[in-house]
Amino acid sequence: MGMNPKRLLKMQMAWKQFNETHPRVLPFIKAVEAAGIREGTVIAVTVETPEGEKFESNIKVRQSDLDLLRGLKEDR
């Protein structure tokens, strides 16, 4: 089953706008990918609302996580 061409175009436009609005995100992701995420890597995320409330979490990467990411990458 293929993707709807209109929806694909809409998603491409949204991705382009995201990259223009947040130009440092893609280079960051590419740098992390180049360095290599391997088992034992810790990925931490912090979200701060405009009111100053913070949410923080992290994961320690397992082999099963790497297998999932590899599978997603192959489906592109």
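This is a predicted model: local features need pLDDT of at least 70, side-chain atom pairs count only at pLDDT 80 or more; totals for chains, interfaces and linings use all residues.

Select Val32: is this residue buried, partly exposed or exposed? Val32 is partly exposed, with a relative accessible area of 30%. Here buried means under 20% relative accessible area, exposed over 50%, and partly exposed in between, using a 1.4 Å probe and protein chains only. Val32 sits in helix 2.

Local features need pLDDT of at least 70 and side-chain atom pairs count only at pLDDT 80 or more, while totals for chains, interfaces and linings use all residues, and side-chain values use heavy atoms, with hydrogens and water left out. Helices (H or I, at least four residues) and strands (E, at least two) are DSSP runs, numbered from the N terminus.

**Stop 1: the largest pocket**

What counts as a pocket? Rolling a probe the size of a water molecule over the atoms shows where empty space is left.

Now select residues 25-35, 42-48 and 63-74. These are helix 2, strand 1 and helix 3, and each supplies at least two residues of the lining. Helix 2 gives the most, with 6 residues. Colour the lining by class and you'll get 12 nonpolar, 2 polar and 5 charged residues. For that count, Ala, Val, Leu, Ile, Met, Phe, Trp, Tyr, Cys and Pro are nonpolar, Asp, Glu, Lys and Arg are charged, and the others, Gly among them, are polar.

**Stop 2: a nonpolar patch**

Select Phe28, Ile29, Val32, Ile37, Ile43, Val45, Val47, Phe55 and Ile59, and show the surface. Together they make a nonpolar surface patch of about 760 Å². A patch like this is made of residues with over 30% relative accessible area and no salt bridge, with nonpolar side chains (Val, Leu, Ile, Met, Phe, Trp, Tyr) joined within 5 Å. Areas come from the Shrake-Rupley method with a 1.4 Å probe. Helix 2, strand 1 and strand 2 (54-60) each supply at least two of the patch residues.

Zoom in on Val45, in strand 1. Val45 is partly exposed at 47%.

**Stop 3: the salt bridges**

How many salt bridges does a search of the whole structure find? It finds 3. Each is a side-chain nitrogen of Lys or Arg within 4 Å of a carboxyl oxygen of Asp or Glu.

- Select Glu33 and Lys73, whose side chains meet at 2.5 Å, N to O. Glu33 lies in helix 2 and Lys73 in helix 3, so the pair ties together parts that are 40 residues apart in sequence.
- Select Glu20 and Lys16, with their closest N and O atoms 2.9 Å apart. Both lie in helix 1 (residues 5-21), 4 residues apart, about one turn of the helix.
- Select Asp67 and Arg70, which meet at 3.3 Å, N to O. Both are in helix 3, 3 residues apart, again about one turn.

**Last stop: Arg7**

Finish with Arg7, in helix 1. Arg7 counts as exposed, at 54% relative accessibility. Draw a line to Pro27: the pair are 20 residues apart in sequence and 26 Å apart in space, C-alpha to C-alpha.

Methods: Residues are numbered from 1 along each chain as its sequence is written. Patches are made of residues with over 30% relative accessible area and no salt bridge: like charges are joined within 9 Å, nonpolar side chains (Val, Leu, Ile, Met, Phe, Trp, Tyr) within 5 Å.
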